[in-house]
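Dear colleague,

Please find below the structure that I am handing over to you, with its sequence. My notes on what was found in it follow.

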Amino acid sequence: MKLILHIGTHKTATTTIQNFFALNRKNLLKNGIYYPHNPDSAYCMNNLASQLANNKAEETREYMKKSFKKAHNLEMDTVVISGESFYAMTGFFKVIAGEELNKIEYFAYEEQFIRTFKEFCFLFDDIKVFCALRPQEEYSNSLHNQLVKNCYGIDYSYSLFLQKVKFILDYKTHIHLWEKSFGKSNMNIVHYEKIRSNPIKFFCDFCFEQKLKDCNFDVKIHSNKRLSRDILEFKKIQNCKKISRAKRFISIQPYHQLSYEYPDKKNWQIFSSLAERKKFFKYYDKGNAILTDDYNLDELKSITEFNESSYLGLDNRKYMAIEKRLNNLLRSPKNIIEFFIREFLNKLIKFFPIFDKFLIPIRSFRNYIRLKIEKW
């Protein structure tokens, strides 16, 4: 049986690809392809990487074992596992979480996690690893936006952010560690520009020997849009406040709505001076050149934006207007109902932790409905 392992990177249409597989699970079975269900997410398997990095590797082992067994019973030829957090597990689950690691420590952890995961794939006869890369500056900007949007506690400057992700941006070393465990001949590395126009079609054509039948390729997902600069700066301020888990969750869509209402102007998504960016990103040019030669890629630049930012900052008047509008959106009947349900369940789990396991199927069903109907 063949395993296709989609490891990222973040911000290379991974969510679009994952949602295609999640929404086409039944039709994929007709093509001999099994995309496992995951109670933690309706569409991806990032929790498998998180478990590897957080001393819960046995849970990942069990998931891979059950996935193989299920595919075998269904007489499938191929299993697809997709989680962009497999790339740079140490970065996302240790460094971003607050651990201080030097380069040697960082990549020692990363090699250990990759090697452990390779051991969990032993049941498969053939393993192909797929990874898309984009210029480090573009990746950093998108990643900065996403982490501020999704993670409370991230309220620091872009310059400090770059220092925290400097090892994550070392594509060459990460890819070579995957080569070391899985074999270079099993690595499929592509430039994001090559797949940007139609990532689903490219991924399927690249990974599968046959054309997929009866699948819906028209997938439109709204969950991974970036925040406009005004809303990003507003959210960064909110990230240093103490906000309940329930309110954090129901705020996701209102922040997207606010980004439509406060759109960007030209060069607003540039976060530092050109001189600072050139100095920082040039470190990756040599490694990019090696990967370009190794995998016959189009030129992989580290920096692509040569303008200065035109953003002047978030003034108090606009901040107050955004805050008022956010509160109005949060007071919609739907959000109020969901807030109280989530608050009740969070308190119930706090006092009776065993109750959490009974909520797993409910969460799984809710995730599926949200993906199917709300498209996020």
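The model is a predicted one. I begin at the end of helix 16, where the next residue, N296, has a positive phi, near 55°.

Helix 16 spans residues 285-295, and its buried residues are G287, N288, L291, T292 and Y295. These residues lie on the same side of the helix, because they cover an arc of only 140° around its axis. The exposed residues K286 and D293 are found on the face turned away from the buried side. As for its surroundings, the buried residues of helix 16 pack against strand 4 (126-133), helix 7 (136-150), helix 9 (171-182) and strand 5 (187-191).

Strand 1 (residues 2-6) runs parallel to strand 4 and is joined to it by five bridges; L5 stands opposite V129 of strand 4.

Finally, N186 sits in the loop between helix 9 and strand 5. N186 counts as buried because its relative accessibility is 19%, the cut-off being under 20%. Its side chain makes a polar contact of 3.3 Å with that of K128. Beyond its neighbours up to four places away in sequence, N186 touches D126, I127, K128 and V129.

With kind regards

How values were computed: Residues are numbered from 1 along each chain as its sequence is written. This is a predicted model: local features need pLDDT of at least 70, side-chain atom pairs count only at pLDDT 80 or more; totals for chains, interfaces and linings use all residues. Side-chain values use heavy atoms; hydrogens and water are left out. Buried means under 20% relative accessible area, exposed over 50%, partly exposed in between (1.4 Å probe, protein chains only). Helices (H or I, at least four residues) and strands (E, at least two) are DSSP runs, numbered from the N terminus. The arc is that of the directions from the helix axis to the C-beta atoms. Contact means heavy atoms within 4.5 Å. A polar contact is a pair of N or O atoms within 3.5 Å; within protein, one must be able to donate a hydrogen and the other to accept it, and residues adjacent in sequence count only if both atoms are side-chain atoms. Two strands pair if DSSP finds at least two bridges between them.
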